[in-house]
Amino acid sequence: MGFQDVKRGFTNRDPKVLAIINQKGGVGKSTTAINLSAALGEAKKKVLVIDLDPQGNTTSGYGIEKEDLEHDMYDVLLQDFPIEDVIVDTVEDRVFVAPATIQLAGAEIELVSAMARESILKNVVEKIKDEFDYVFIDCPPSLGLLTINALVASDQLLIPIQCEYYALEGVTKLIESMKMVKSRLNPSLAIFGVVMTMYDTRTTLSHQVVKECENYFGQQIFKTYIPRNVKIAEAPSHGLPVTMYARMSKGASAYTKLAKEVIRRG
């Protein structure tokens, strides 16, 4: 099934646009974007993942060859290129990706002088979101203009937090940024949920970090914790989500359970 088939055959009155965000790197943003979208696809939901990180890990994690791309999200944001012509299919029939390449790194500087610079992505997403159940925006690990665009374009935030020391480091700044955008640019912005990643049941540290995060976020934390799992780590090198690479693994099972939680919550 191609994107144009979805566009002709599907309209959704209540799509959900979620920014997957944490200004810390290495906490599982792209991993969550890939595997949660795939699990939702298997649950018969149609998902668009917008890769807004110049590293393009979500793009490559879905097996998309960046060097073969004629256009990416840079062209959408700064060249007025239609996002419909950028979106590509993935190995999961119901999941589509608007890819990123390193070219997107220049967008931070070029957006500074752009008209209505904070709302460019919002205007793009508004044109396409009704074709999907979920639109995920995989954010870069910073609070620059790309991330601000994601905050303005989104309904809510999905925050992955790694079970490690200093897990909440930077989260306070993220919440402050969310409140600023909420007060000035996007009054409906809120937290959809917090995903604990790289959880190890054998360590006291993981339990302590979860408790600390529960004290901070309360019921916003999903009950499904994503385990530290070698199959999750291996899957991107094969260009597959873990739900396809190792369907019987603990990692695949966790993302399948998380997808069910996301559906219930939304």
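Leaving out residues up to four places away in sequence, T197 touches V27, T32, P160, I161, Q162, C163 and I226, where contact means heavy atoms within 4.5 Å. The model is a predicted one, in which local features need pLDDT of at least 70 and side-chain atom pairs count only at pLDDT 80 or more, while totals for chains, interfaces and linings use all residues. Residues are numbered from 1 along each chain as its sequence is written, and side-chain values use heavy atoms, with hydrogens and water left out.

- T197 lies in strand β7, which covers residues 190-197; helices (H or I, at least four residues) and strands (E, at least two) are DSSP runs, numbered from the N terminus.
- With a relative accessible area of 3%, T197 is buried, a class that means under 20% relative accessible area, against over 50% for exposed and in between for partly exposed (1.4 Å probe, protein chains only).
- A polar atom of the T197 side chain lies 2.7 Å from the backbone oxygen of V27; a polar contact is a pair of N or O atoms within 3.5 Å, where within protein one must be able to donate a hydrogen and the other to accept it, and residues adjacent in sequence count only if both atoms are side-chain atoms.
- M198 is placed in the loop between β7 and α9 (204-217), and this residue is partly exposed at a relative accessible area of 22%.

**Positive phi values**

- Most residues other than glycine have a negative phi.
- The phi of M198, by contrast, is positive and near 55°.
- D80, found in the loop between α4 and β3, also has a positive phi, near 60°, and D80 is exposed with a relative accessible area of 73%.

**Loops and their residues**

- D85 lies in the loop between α4 (73-78) and β3 (88-89), and its relative accessible area of 51% makes D85 exposed.
- D85 and R184 are 99 residues apart in sequence, and their C-alpha atoms are 32 Å apart in space.
- I221 belongs to the loop between α9 and α10 and counts as buried at 7% relative accessibility; beyond its neighbours up to four places away in sequence, I221 touches V194, M196, V210, C213, E214 and R265.
- The C-alpha atoms of I221 and P160 are separated by 9.7 Å, although the two residues are 61 residues apart along the chain.
- N229 lies in the loop between α9 and α10 (230-234) and is buried, with a relative accessible area of 17%.

**Buried helix positions**

- Helix α7 (residues 145-153) is largely enclosed by the rest of the structure, because nine of its nine residues are buried; among them are L145, I148, N149 and A153.
- L40, in helix α2 (residues 29-42), counts as buried at 0% relative accessibility.
- Setting aside neighbours within four places in sequence, L40 is in contact with K45, V47, Y134, F136, A259, V262 and I263.
- L40 and D89, 49 residues apart in sequence, are 15 Å apart in space from C-alpha to C-alpha.

**The chain as a whole**

- The chain has twelve helices and seven strands, and its C-alpha trace spans about 50 × 40 × 35 Å along its principal axes.
- Buried residues make up 54% of the 266 residues, and of the contacts with a separation of 6 or more, 79% are between residues 24 or more positions apart.
- The accessible surface comes to about 11900 Å², of which 49% belongs to carbon and sulfur atoms; accessible areas come from the Shrake-Rupley method with a 1.4 Å probe, and for residues only the protein chains shown count as cover.
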